[in-house]
Amino acid sequence: MSGPNGRTTLLRCERLDRWFGGVHAVDGVDLEVATGSLHAIIGPNGSGKTTLFNLITGHTRPHGGRVWFADRDVTGLPYHRVVRLGIAKSYQITTVFQSLSVFENVRIAAQSARWPYTFWLPASRLRDASRLAEQTLERVGLQHRRRELAGNLSHGELRHLDLAIALATRPKLLLLDEPTAGMSPAETEATVQLIQDLRRDLTVVMIEHKMDVVLRIAERITVLNFGVKLFEGTPEEVRGHPRVQEVYLQGAL
Amino acid sequence: MHLIVNQVFTGIVSGAVLVLLALGLNLIFGFMEIINFSHGAFFMLGAYVGFYLLTAFGSFWWGLALVPLLLLLLGAAVERTLIKPLYRRSAVDPLLLTFGLTYIVTQLVEMIAGKQGETVNAPSQLNFQLPLGFTSYPAYLTFVAVLAGLIVLGLWLLLERTSLGLIIRAGIRDSTMIQILGIDFDRFRVLVFALGIALAGVAGVLNSPVTGVYPEMGNDILITAFVVVVVGGMGSFWGAVLSGLVIGVLVSLTTLFASVYASIVPFVLMILVMTFRPRGLLGTT
Amino acid sequence: MSAVEAEPEPGSERASGPLHLLRLLWRGRAWNQLVLLLLVMVGLFFLVPDPSLAVEVLIYSLWAISLNLLLGYGGLVSFGHALYWGFGGYAAGLTLLHVTHSLWVALGASMALCGLLALGSGVVCLRRRDVYFSMLTLAFAQLGYFIAFEARPVTGGDDGLGNIPTPPLDLPGLSLEMHPIRDPLPYFLLCAGILFFAFAFALLYTESPLGRVLQAIRESEERARGCGYNTRLVQLITFTVSGLLAGLAGGLDAIFNGLEGLQPYWSLSGVVVIMVILGGRSTLFGSVLGALVVLVLEHYLSISFGDWPLIVGAVFVVCVLVFPQGLWGLVRLEPLGSWGAVAWTRRLRARLSREPGA
């Protein structure tokens with residue numbers, strides 16, 4: 001399969017549909033994400049961004065349409081199977097294992113690929129998982145906090161730990177749900193650097209509210225409104241699109 | 001034929017007692033996210049307090065009138081002293097605490113009143129058979145069913161038609177929201193817990209002429225009340241009512257036809273419901 | 001919290017204390033608990049005047065450990081653990097009465113059948129979370145109780161299954177006649193040996209990848225799924241292992257007493273929960289401590305004060321209120337440990353995330 005820019009397509013959503021009660025939360029959305037790209041999804045609150053993520057990861061079953069990942073139909077697969085296939089998700093509200101150490105948090109994610117249900121040898125023997133966990137912590141800049149309880153981290157550190165857990169599953173595709181939410185400008189800048197660094201070996205789809213961030217780092221932008229795909233294009237195209245400006249700014253207020 | 005009708009009535013009566021217990025459990029669970037393991041202990045305590053009031057005043061009605069009030073106070077005291085410190089902890093701790101409380105209450109009652117239990121006479125005013133056309137039925141049991149029905153109705157009106165009920169229902173749906181609205185959440189927790197305990201106490205008093213009073217009575221019925229809650233759907237008001245009555249009648253009918261299996265029926269029903277409809281008969285999520 | 005103290009990172013051992021060698025040997029401090037266990041066993045052997053009390057402490061420790069895997073590590077509060085204890089007892093007793101006179105076959109039957117029973121009931125119980133799970137386990141135990149009560153021809157009903165013969169202790173090259181009442185020493189050694197291996201296995205289990213995921217699920221099931229784990233499978237495996245160990249304990253107890261009595265859930269499932277919480281739910285050794293304290297209290301208080309469970313209950317409630325980490329936490333000076341505060345923030349976050357939003 002080849003997508004835009006002649007690169008292969010990693011993720012493809014075809015006419016995804018999902019209702020909640022009488023609300024058409026996601027309405028016939030098509031999405032194509034090229035391997036190695038950084039794709040942003042924007043839209044006002046309640047426009048169906050998070051629901052779209054949940055449809056991709058298998059949290060929510062679509063009422064119609066299909067999800068293809070690396071040429072495989074993953075529609076309706078349970079979340080943990082989707083993760084194993086190579087899609088990881090970071091959480092809008094930070095979700096970590098609070099009473100475990102930072103290192104343990106990441107190692108649990110790192111060991112899932114090869115040693116998911118092993119109970120006959122100690123986890124400390126899994127040198128490959130431990131090494132991966134160390135590397136991942138280094139990547140997000142938390143190695144100095146490795147022995148701390150996750151519950152004792154600051155908000156910014158928690159966001160990075162959340163990301164590290166997602167990365168340690170060695171995904172091909174990373175879904176980021178508002179990675180800079182609630183961050184100070186300095187923290188936001190650090191996170192932007194981190195995301196750009198991730199792009200070296202990952203495909204990233206992110207939901208983001210901060211337009212300056214999106215316009216700066218995204219390659220393609222999909223705009224959702226009331227569950228419908230309003231527009232898709234490069235940052236320049238989105239910037240110049242009057243209707244997007246109108247809808248997005250209106251909703252953001 | 002009249003045997004079957006009689007058993008159905010008996011089932012409705014025992015189901016009505018279960019409903020009162022299950023509604024209290026449901027209310028406390030919904031509002032406070034706590035499973036009150038000591039619910040059975042307060043059921044038993046209500047029955048004993050009623051029994052002692054009956055011995056002291058010579059009238060069953062004193063017990064029925066005073067037990068809810070006394071247990072309302074006791075429930076409030078328990079919530080303030082024992083449950084409140086646990087709100088900031090994991091959901092496991094209140095469960096364990098109320099479990100320990102049951103242990104203590106049961107032991108205390110055994111120590112004071114003895115293990116053997118007592119029989120309780122139905123009030124003399126209701127000590128007759130109510131003629132029902134082709135069959136007749138003890139008036140007291142009819143009274144239990146009717147009173148339980150009235151209490152259920154009253155509780156429903158309280159929840160649906162009063163501002164207090166509005167707050168409780170809002171809290172059941174989302175406690176963060178009513179905290180944001182600036183409502184003194186803490187005060188309502190006392191109220192809801194005490195209300196649940198009072199319901200258990202009333203159920204205990206009502207049940208005492210049927211089975212007598214004994215220290216283990218709460219433990220025996222608590223598990224069935226749990227089953228009622230799970231089968232009806234956790235947090236569902238009418239689910240608890242429906243499943244309480246269904247289980248009461250099913251057990252009662254099984255006693256008639258295959259008594260060996262009677263005590264197993266609720267559990268089989270629960271396993272079936274869990275397998276085929278995990279959210280319960282009328283549960284939502 | 002055990003997860004931190006037991007975190008066996010390479011190169012993290014410090015050269016201090018007499019257990020240094022052992023640390024190096026096992027590359028993790030959690031294994032020190034095995035030494036503590038050995039000390040307790042030696043203490044029981046020399047200090048406890050009533051040998052049958054010593055044996056009961058060993059057997060109940062095993063049972064409490066099996067529950068702690070679920071309750072402490074999995075955060076799954078089972079109020080029906082007596083089901084597997086009782087079923088294990090019947091399995092061992094019936095095997096010895098009707099099938100064979102081999103100790104190992106009887107205990108094997110206890111474990112295997114309880115494992116199967118736990119697997120089957122676990123599938124149903126684990127369909128729901130949290131308190132629903134507790135209720136379901138309780139209901140299963142009650143169901144088992146009624147079945148045992150009604151199946152009088154097989155189980156002896158409420159008279160219990162009596163006259164279970166004591167099998168000889170067959171070891172390679174050695175066959176030892178056992179008389180639990182007259183001479184409990186061989187049985188003590190047998191139970192001590194089994195407890196030691198079961199404890200080591202349970203330690204390994206909690207330190208293993210699966211055990212770590214189990215603890216992770218306790219913290220956030222959603223995130224554990226996001227790490228690629230079938231969380232229900234992890235819990236089901238643990239439930240099965242736990243039931244299997246409980247069955248082993250039940251089998252040992254039935255053989256020791258020559259009797260599998262039918263007790264209501266209250267006096268059994270409750271006691272083991274108390275042991276685990278009282279001893280400390282964050283470490284396996286806490287369960288041994290809990291079993292020891294409760295049984296010794298019972299032994300000495302029941303003579304002078306018939307209502308001793310009142311004291312146990314009061315201590316339990318104080319423990320939950322003030323020392324959620326139990327006696328072991330008290331020893332380690334961890335009152336109101338990290339668990340509580342952390343769990344609270346977690347619940348708050350969970351609530352916030354349930355808010356409707358984008």
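This is a predicted model: local features need pLDDT of at least 70, side-chain atom pairs count only at pLDDT 80 or more; totals for chains, interfaces and linings use all residues.
**How the chains meet**

Let us begin with the chains and their neighbours. There are 2 pairs of chains in contact, and chains A and C share the most contacts. Chains A and B are a separate case: no contact joins them, and their closest C-alpha atoms lie 12 Å apart.

The contact between chains B and C draws on 36 residues from chain B and 39 residues from chain C. On the side of chain C that touches chain B, four helices each supply at least two residues: α7 (130–150), α13 (265–279), α15 (308–322) and α17 (338–353). The largest share, 13 residues, comes from α7(C). Sorted by class, this side of chain C has 27 nonpolar residues, along with 6 polar and 6 charged ones.

**The two open sheets of chain A**

One open sheet has 6 strands, ordered β6-β7-β8-β3-β9-β10, and its pairing is mixed. At its edges are β6 (87–90) and β10 (228–233) of chain A, each of which pairs on one side only. From one strand to the next, the twist averages 20°.

Within this sheet, strand β3 (residues 38–42) of chain A runs parallel to strand β9 (residues 220–225) of chain A, and 4 bridges join the two. A:A40 stands opposite A:I221, a residue of β9(A).

Two helices belong to the picture here. Helix α1 (residues 49–57) of chain A lies across β3, β6, β7 (173–177), β8 (203–207) and β9 of chain A, and runs at about 150° to β7(A). Helix α5 (residues 155–168) of chain A also packs on the sheet, where it touches β6 and β7 of chain A; its direction makes about 175° with that of β6(A).

Another open sheet of chain A is built from 4 strands in the order β2-β1-β4-β5, with antiparallel pairing. Why is one side of β2(A) and of β5(A) left without a neighbour in the sheet? Both β2 (23–34) and β5 (72–73) of chain A stand at the edges with a single partner strand each, so one side of each has no neighbour there.

Strand β1 (residues 9–20) of chain A and β2(A) form a hairpin with 2 residues between them. In the turn, A:G21 has a positive phi of about 60°. As a general point, side chains in a regular strand alternate between the two faces of the sheet.

| Strand pair | Direction | Bridges | Facing residues |
|---|---|---|---|
| β4(A) and β5(A) | antiparallel | 2 bridges | A:W68 and A:D73 |

**Chain C and one of its helix pairs**

Turning to chain C, its secondary structure comes to 17 helices and 2 strands. The chain has 358 residues, of which 53% are buried. Among the contacts in chain C with a separation of 6 or more, 72% are between residues 24 or more positions apart.

Helix α5 (residues 82–99) of chain C packs against helix α6 (residues 103–125) of chain C at an angle of about 140°, and their axes are 8 Å apart. The two helices are therefore oblique to each other, and α5(C) passes α6(C) in a right-handed crossing. Residues of α5(C) that take part include C:Y84, C:F87 and C:G88, and those of α6(C) include C:V105, C:L113 and C:L117. By class, the contact has 13 nonpolar and 3 polar residues, with no charged ones.

**A closer look at B:F29**

Finally, here is one residue of chain B. B:F29 lies in helix α1 (residues 2–32) of chain B. Is B:F29 buried or partly exposed? B:F29 has 19 other C-beta atoms within 10 Å, so B:F29 counts as partly exposed; a buried residue would need 20 or more.

Leaving aside residues up to four places away in sequence, B:F29 touches B:I34, B:I35, B:M234 and B:G235. B:L150 lies 121 residues from B:F29 along the chain, and their C-alpha atoms are separated by 22 Å.

Key
Residues are numbered from 1 along each chain as its sequence is written. Chains are lettered from A and ligands numbered from 1 in the order in which they are written. Two residues are in contact if their C-beta atoms, placed from the backbone, lie within 7 Å. Ala, Val, Leu, Ile, Met, Phe, Trp, Tyr, Cys and Pro count as nonpolar, Asp, Glu, Lys and Arg as charged, and the others, Gly among them, as polar. Two strands pair if DSSP finds at least two bridges between them. Axes are lines fitted to C-alpha atoms, for helices over the stretch in contact, and angles run from 0 to 180 degrees between N-to-C directions. A residue is buried if 20 or more other C-beta atoms lie within 10 Å of its own, exposed if 12 or fewer, and partly exposed in between; C-beta atoms are placed from the backbone. Angles under 35 degrees count as roughly parallel, over 145 as roughly antiparallel, 65 to 115 as roughly perpendicular and the rest as oblique. A crossing is left-handed if the near helix is turned anticlockwise from the far one by less than a right angle, and right-handed if clockwise.
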